[in-house]
Amino acid sequence: MAYNQYKTAREISVSLPSRARTRNTVLRWRQLDNSGNNYDEWAIDRIRITDSIVADVTDEIVNLLEETFDAAIATPTRYWQYIVSGRVMIPPCGGISVPGRSQSAAFFAGTGMRYIQSVPLDLTSAGTLSFRFRIGGGSGCDSGEVGDGVVVEYAPKGTTVYTVIKKLIPSADTRVLPVSVVLPDAAKTSQTIVRWRQLKNSGRNYDVWMLDDISLTSSSSVVQKNVQKNIERALILTEDFDSAPNFPGGDWASISGGAIAVPSCGGIDVAGYSLQAAFFNSVGSRFITTQPLDLQNAREVSFRILIGGLSGCENAEFGEDVVLEYQVKDSKSFFQLLRLNYDGMEVAR
């Protein structure tokens, strides 16, 4: 028997359990089995992760980038494309965060070029970039010389040319510097890369520097325009697959057995939107996986799904179900959140 429940696109919504609401949660949509190429096809689109929040009209601040380096990172991540000649650790001369917080930081002491570079970020509403920084720092951290400074720079959408917005110069004073920079208008594009880069160094464990507590917030004028009076529906993730993401990149880590394309049986998004979806019809494992997402405040996941179809897509059979799973930090296992089967929908409790 073939699926009846999902031969036409359906909107699915499920609440996230508390154990899935972590700072580093991975979501995965996966088909349990299939009969090979162009059999048991399925597609997903219009993915939303939402959160009900109470908006404070006067104090609402939107964080476009927030990084405290509490745990090691393996690039690329949600925010970072590269970290070169550095790693996340507690510096030998001590951390630079405020007391009471984790003292891990991005610490740069390797050979060759040293920098940390963001993924392309939507900074159209950006206001102030702030972070904590130190060059040198006493025992175990060699201080930089003249010319060993670190620059903060950006490359706006459509260019690989970087513009310096802040230069941090070594000095005899190696205390922690809290730094704030107002982003220029030229940096406010939909795909701006931000980079911290040391101009030169004398080799491993010389002229070391460290970075922590990075925060990039929207401008106050944009905040006031966007804040709602009472309760608003905040989107933590929104994906319509209007264009194919680079895997890995942005919110997505990997796709297998499928591609971003118009399904053989037609698009599944609501009228007026792109027909493209994540469409799975190839032999082997079929899944799509997010990067680790900050879902601490998340409440609900919704998406549109088609399994089989009325014309052009071969229908799935029993056992060829699609599941939504999650994985939390430090766990090697995925836990099932939702299973879409012939009889309907099973929600894990």
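Asp-240 lies in the loop between β15 (231-239) and β16 (252-256). Strands here are DSSP runs of E with at least two residues, helices are runs of H or I with at least four, and both are numbered from the N terminus. The model is predicted: local features need pLDDT of at least 70, side-chain atom pairs count only at pLDDT 80 or more, and totals for chains, interfaces and linings use all residues. Residues are numbered from 1 along each chain as its sequence is written, and side-chain values use heavy atoms, with hydrogens and water left out.

Asp-240 counts as buried because its relative accessibility is 12%. Buried means under 20% relative accessible area, exposed over 50%, and partly exposed in between (1.4 Å probe, protein chains only). The side chain of Asp-240 makes a polar contact of 3.1 Å with that of Arg-48. A polar contact is a pair of N or O atoms within 3.5 Å; within protein, one must be able to donate a hydrogen and the other to accept it, and residues adjacent in sequence count only if both atoms are side-chain atoms. Neighbours within four places in sequence aside, Asp-240 is in contact (heavy atoms within 4.5 Å) with Asp-45, Arg-46, Arg-48, Asp-269, Tyr-273 and Gln-276.

Five of the strands form an open antiparallel sheet, in the order β5-β8-β13-β10-β11. Two strands pair if DSSP finds at least two bridges between them. β5 (80-84) and β11 (163-168) stand at the edges with a single partner strand each, so one side of each has no neighbour in the sheet. From one strand to the next, the twist averages 10°. Angles run from 0 to 180 degrees between N-to-C directions, and axes are lines fitted to C-alpha atoms, for helices over the stretch in contact. Strand β10 (residues 150-155) runs antiparallel to β11, and five bridges join the two. Glu-153 stands opposite Val-164 in β11.

The structure holds one disulfide (a pair of cysteine sulfur atoms within 2.5 Å). It joins Cys-93 to Cys-141, with an S to S distance of 2.0 Å. The link of Cys-93 and Cys-141 is left-handed, with -90° about the S-S bond. Distant parts of the chain are linked: Cys-93 is in the loop between β6 (86-89) and β7 (105-108), Cys-141 is in the loop between β9 (126-135) and β10, and the two are 48 residues apart. Cys-93 is buried, at a relative accessible area of 18%. Cys-141 is also buried, at 3% relative accessibility.

Of the 349 residues in the protein, 47% are buried.
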